[in-house]
Amino acid sequence: MKNVLKVLVADPISPKGVEILKKDFEVVEAYGSSPEKVKELIADADAVVVRSETKITSDVLDCAKNLKAIGRAGVGVDNIDIPAASERGIVVMNTPTGNTTATAELTFTHILASARPIVQANASIHSGQWDRKTFKGTELRGKVLAVLGMGRIGTEVAKRAMAFGMKVIAYDPFLTESRAKSLGVEIVSLDDAFVNADYITVHMPLTDATKYMLDERAFGLMKKGVRVFNCARGGIIKESALVEALASGKVAAAGLDVYESEPLAKDHPLRQFKNLNLTPHLGASTKEAQESCGIEVAEVIADALKGGAIRNAINKPSVDAEAMKQISPYIQLCEKLGTFVQQLASGRVEKLSIKFFGKLGDVNNKLLSLAVQKGYLSKISENANDVNAPAKMKHLGIEVESINSSAESEYSELVEVDAIVEGGEPVCASGTIMGKHARPKIVRVNKYEVEIAPHSCALLIKNVDTPGMVGVIGTLLGKRGCNIANMSLARSEKGGNALSVYELDALPDAESLSELGTLENINSIQVVDFSE
């Protein structure tokens, strides 16, 4: 039996990062391996670490039977098939902070080199010339820099630009006015950024929305003599449009570190422009950044495999250790509520509505919502986890909504899960955490107030509220060898319908359930298995 977890390090990372992994795991270093070799090595790996060289495609993932985590030493994850990993329940993590300074400094180096053509002047001197007139530059002070994307790197570039006396405007759909004010930048629309900027730098991921963001139309809006830069992801600037803009003089100078296709073809038209500085994807290529990314990716992989906090996840909400400590009891509760309503629902569930009340209504509950979905799928879908749960729910055609409610609740924290059944009765279950040991309890089933500890299994019996029913049911269960760990009773009104819940040490057999069904005044019998 396999005891030691295996980590495949497919691309070179800092030796310090490798040493961190070797403390707890079997580490296989396989730098420069062919795709076929990667498929062979990843077959029994529990995690894989890559940079930008190794491609983790769907075909590669098909060979990875034990894979739980993929770590990218760097920011970009273009070489990883995120949907395929998510579908298989594999968490993908990157290192977004490790190369922040390195990439920001490279970007600003490009900006400075475009303002003062030091690269071209250096080449001229080395060729034996002394030409002062050709290399006249321009000052950054007083110029307008448009930063497209005010994440970590964009923010650092903006800080450096303001230190040089530049005015910074920013386009970022997610940047709030208060945050912009604290950074000292002005929020503008994308078109206004194109129209007003003297310098434009890109710091956004490559998505359907950002692909070719700087195209022929965008260059048409820009000032004559504008300077543009991309040290983020290739494809955000349309290269053919940039070639035209450089050739026409619309763009006075530019700097690129990333390209639509890498490595850049030897006959690529971008290579012809002396006012275009090109670097071979050097954003994270500093000694400090490489060491930082290597250590960070090792730490996030180690934490993930050892059951700690998931950090820097691309396909799963990331929660820091302190926040995880606070919400961890509710994760178990949410999983149990999910499996509870799934087993009680009779008919096809078309929607899950998850509501958070009290203090839980004031926090980000994405991880708790995932826990409900994971619990719902636990008895009906193989290998469901909180990475692939949303994809599996979507495949089943089940809509999931999550609501942070400001409505009052009788508990300081309450989670309510409603399963909407197509053409049938909805199922509603609520739960909270009780006691000094923070134990999960289900406190309401539809209209009935109960108290169920969701540990082993539970027997739910609806019956007419008549004297002696509890004794009759208890006697029958005892006769059949079903030990009752706890019991909860509730009724709608005296003489009406009642719900009795029996927490059992083991699931009752079919004969016991059949005999219970023959009892007078029994309306329904349902069994819920809480075991994993």
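**Cavities**

The model is a predicted one, in which local features need pLDDT of at least 70, side-chain atom pairs count only at pLDDT 80 or more, and totals for chains, interfaces and linings use all residues. Residues are numbered from 1 along each chain as its sequence is written, and side-chain values use heavy atoms, with hydrogens and water left out.

The volume of the largest cavity is about 50 Å³, where a volume is the space filled by probe spheres set on the points, and grid points are joined across faces, edges and corners. I listed its lining, meaning residues with an atom within 4 Å of a point, as N230, G235, I237, E239, L242, L256, V258, Y259 and E260. Sorted by type, this lining gives five nonpolar, two polar and two charged residues; here Ala, Val, Leu, Ile, Met, Phe, Trp, Tyr, Cys and Pro count as nonpolar, Asp, Glu, Lys and Arg as charged, and the others, Gly among them, as polar.

**The second largest pocket**

I then turned to open space, a pocket being an open set of points with protein on both sides within 12 Å along at least five of seven lines, and noted that the second largest pocket holds about 1000 Å³. It is lined by 43 residues, and those closest to its centre are K374, N383, A384, N385 and D386. Two or more lining residues come from each of α3 (58-62), α12 (287-305), α13 (321-344) and α14 (366-377), with α13 giving the most, six residues. The lining of this second largest pocket divides into 15 nonpolar, 13 polar and 15 charged residues.

**The parallel sheet**

Helices (H or I, at least four residues) and strands (E, at least two) are taken as DSSP runs numbered from the N terminus, and two strands pair if DSSP finds at least two bridges between them. I traced an open sheet of seven strands with parallel pairing, in the order β8-β7-β6-β9-β10-β11-β12. The edges are β8 (186-187) and β12 (276-278), each with a single partner strand, so one side of each is left without a neighbour in the sheet.

Where do the partners of β6 lie, and over how many bridges does β6 join β7? I found five bridges from β6 to the parallel strand β7 (residues 167-171), with L148 opposite Y171 in β7. Between these two strands the chain passes through helix α7 (residues 152-163), and the β-α-β crossover is right-handed, that is, with the strands pointing away from the viewer, the path from the first strand over the helix to the second runs clockwise. The other pairing I noted for β6 is with β9 (residues 199-202), also parallel, over four bridges, and there L148 has V202 as its bridge partner.

I checked burial next, with buried meaning under 20% relative accessible area, exposed over 50% and partly exposed in between (1.4 Å probe, protein chains only). In β6 (residues 144-148) five of the five residues are buried, so the strand is largely enclosed by the rest of the structure. Both of its faces are covered, with V144, A146 and L148 buried on one side and L145 and V147 on the other.

Further along the sheet, β10 (residues 226-230) and β11 (residues 251-256) pair in parallel over five bridges, and V226 has V251 as its bridge partner in β11.

**Cysteines**

How many disulfides does the structure hold? I found zero, a disulfide being a pair of cysteine sulfur atoms within 2.5 Å. For C293 the nearest cysteine sulfur is that of C231, 15 Å away, and C293 is buried at 2% relative accessibility. For C334 the nearest is that of C428, 13 Å away, and C334 is buried as well, at 0%.

**Loops and backbone**

I noted a cis peptide bond between E262 and P263, with omega about 0 degrees, and P263 sits in the loop between β11 and β12. A438, in the loop between β16 (427-434) and β17 (439-445), has a positive phi near 55 degrees although it is not a glycine, and at 29% relative accessibility A438 is partly exposed. F174, in the loop between β7 and α8 (177-183), is exposed at 76%.

Definitions and conventions
1 Å grid on protein atoms, 1.4 Å probe; cavity = no way out; pocket = protein on both sides within 12 Å on 5 of 7 lines; lining within 4 Å.
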